Amino acid sequence: MKKVLILDTTLREGEQTPGVSFSIEDKLQIARKLDEIGINMIEAGHPVVSKDVFEAVKRIAAERLSAEILAHSRALISDVDAAIKCDVDRVAIFLGVTKEKLRSMNIDENKAIEMAVNSIQYARDHGLKVRFTAEDATRADYNFVVRICKAAIEAGADRISIPDTVGCMTPFKIKELFSRLSSELNAELDAHCHNDLGMAVANALAALEGGATAVHTTVNGLGERAGITPLEPFAVALKVIYNIDTVKLDKLPELSTMIEKLSGIPISPLQPIVGDNVFSHKGGVHSAAVIFDPRTYEAFPPELVGRQREIVISKYTGKVAVNEKLKRLGISLTEEELSKLLQMIKDRPDIRSYRDVDLIELAEKVTGRKLEIQIPKKIEAIVLIKCESNIYTSAVARRLLWIKGIVKVFEISGDFDIEIYINVDSITQLNEILESIRAIKGVVSTNTKLILKKFDNLNQSTF
Ligand code: HCA
Ligand code: CU
């Protein structure tokens, strides 16, 4: 595998995610960011879908970014016309090639080839580069796929997309398919892998091994149903496994957060590369080894993707990790004090993880000394949220729980519907959270109250 191009289709496939609709301004912002991190091709949308999609594709094309800008299109002259009007670099003409799809469109194989060829020639005559997509190619008759792709290439398509439209391939099978196709077709091949069985990254890598030269991705893996190959783990796997450079890896977290906000689709804490947990170590054995040498439990250093390693302090923690954490806070304890502190942690399985302030408090308890430790002051706030009357409040509540920094969510009675507790490091972060809350569908208004002083059940201030 030598050259690998990444086509990002967050703006087209990604907007086909249920619940997602980007504004034109959002799309411009996303396209600029994708270009900035080094994406080679941006599939900006399917212009005939709606007026705003048309406008967005046209305005993105007018930005004259370094990336090649594509418009999606059915094999119809009217769709290609819309792409021409948007002044994109390339049109991606797709046509279903399975028997079932042809039957549903009431056309036979010859008619399908004719439609593909006519629309491709029309696009070429109007100065556009063309990719032809044999939609659902992985489930279609192999000989027909070759036949229609050869006709498409002859008509002027220099790229062919072979999508695994319903995500039913295995890495082994898709590698073989791409090897066969690349030996028969005189064009560059794109892999577009859906994630229905969780194999989209593996299948994309295998397609490259078979001879594909471009892979389609979306940020956070957005797309129809279970989405497609997520950009973040795919680009990092290319670097870590194959030593192939593509996009700026350290910019992936901010891109992911941007799409999380603009799409309203939260990512899981376990999501590779960008999830909250993926550089945290919890088990005592793990943490101790990682403190000794991070390679013991890390496939690659978090710094590669602009992140930092974290050691979680909880009942699973051992002495080494607690000692290391305290040392970083400037606290040194005797062996006996350390054991006592660890016992206190293990005696409270209900506390899921200890923050630095909590550890300092425990250290003060075991030493009986007041420790003058300066730690960045946290910002804590309570936000009251009103929802639209026709919305299911629990759906909003659940979505809120996924936003980083929101620690507790309560459904309440009275003037407001939800109350949340926020714990962050800065006012900027608090503002970002408030923006994300207001962007959630169904949220009508928010009322934010900063916490000035807090008391726990022993009536002691924790500040
Ligand atoms: C679609 C189908 C598609 C096309 C992929 C491509 C698929 O949503 O129209 O053009 O390469 O998965 O087959 O996304
Ligand atoms: Cu798709």
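A polar side-chain atom of His192 lies 3.1 Å from an oxygen atom of ligand 1. The model is predicted, so local features need pLDDT of at least 70, side-chain atom pairs count only at pLDDT 80 or more, and totals for chains, interfaces and linings use all residues. Residues are numbered from 1 along each chain as its sequence is written, and side-chain values use heavy atoms, with hydrogens and water left out.

**Exercise 1.** Describe the surroundings of ligand 1.

*Solution.* 
- Step 1: Ligand 1 is surrounded by 14 residues, a residue being near when one of its heavy atoms lies within 4 Å. His72, Arg131, Thr133, Ser161 and Thr165 are the closest.
- Step 2: By class, this shell holds two nonpolar, eight polar and four charged residues. Asp, Glu, Lys and Arg count as charged; Ala, Val, Leu, Ile, Met, Phe, Trp, Tyr, Cys and Pro as nonpolar; the others, Gly among them, as polar.
- Step 3: A polar side-chain atom of His72 lies 2.7 Å from an oxygen atom of the ligand. For Thr133, a side-chain N or O atom is 2.9 Å from an oxygen atom of ligand 1.
- Step 4: On its own, ligand 1 has 360 Å² of accessible area, and the protein covers 93% of it (Shrake-Rupley method, 1.4 Å probe).
- Step 5: Strands S5 (129–135) and S6 (157–164) are the elements that give two or more residues to the shell. S5 gives the most, with three residues. Strands here are DSSP runs (E, at least two residues), and helices are runs of H or I with at least four, both numbered from the N terminus.

**Exercise 2.** Locate the salt bridge between Lys27 and Glu15, and state whether the two residues are buried or exposed.

*Solution.* 
- Step 1: A salt bridge is a side-chain nitrogen of Lys or Arg within 4 Å of a carboxyl oxygen of Asp or Glu. The closest N and O atoms of Lys27 and Glu15 are 2.8 Å apart.
- Step 2: Lys27 is in helix H1 (residues 24–37), while Glu15 is in the loop between strand S1 (5–8) and H1, 12 residues apart.
- Step 3: Both residues are buried (under 20% relative accessible area; exposed is over 50%, partly exposed in between; 1.4 Å probe, protein chains only).

**Exercise 3.** Which parts of the chain does the salt bridge of Arg90 with Asp158 tie together?

*Solution.* 
- Step 1: The closest N and O atoms of Arg90 and Asp158 are 2.7 Å apart.
- Step 2: Arg90 lies in strand S4 and Asp158 in strand S6, so the pair ties together parts 68 residues apart in sequence.
- Step 3: Arg90 is buried at 3% relative accessible area, whereas Asp158 is partly exposed at 35%.

Terms used
Chains lettered and ligands numbered in written order. Polar contact = N/O pair within 3.5 Å; in protein donor to acceptor, adjacent residues only side chain to side chain.
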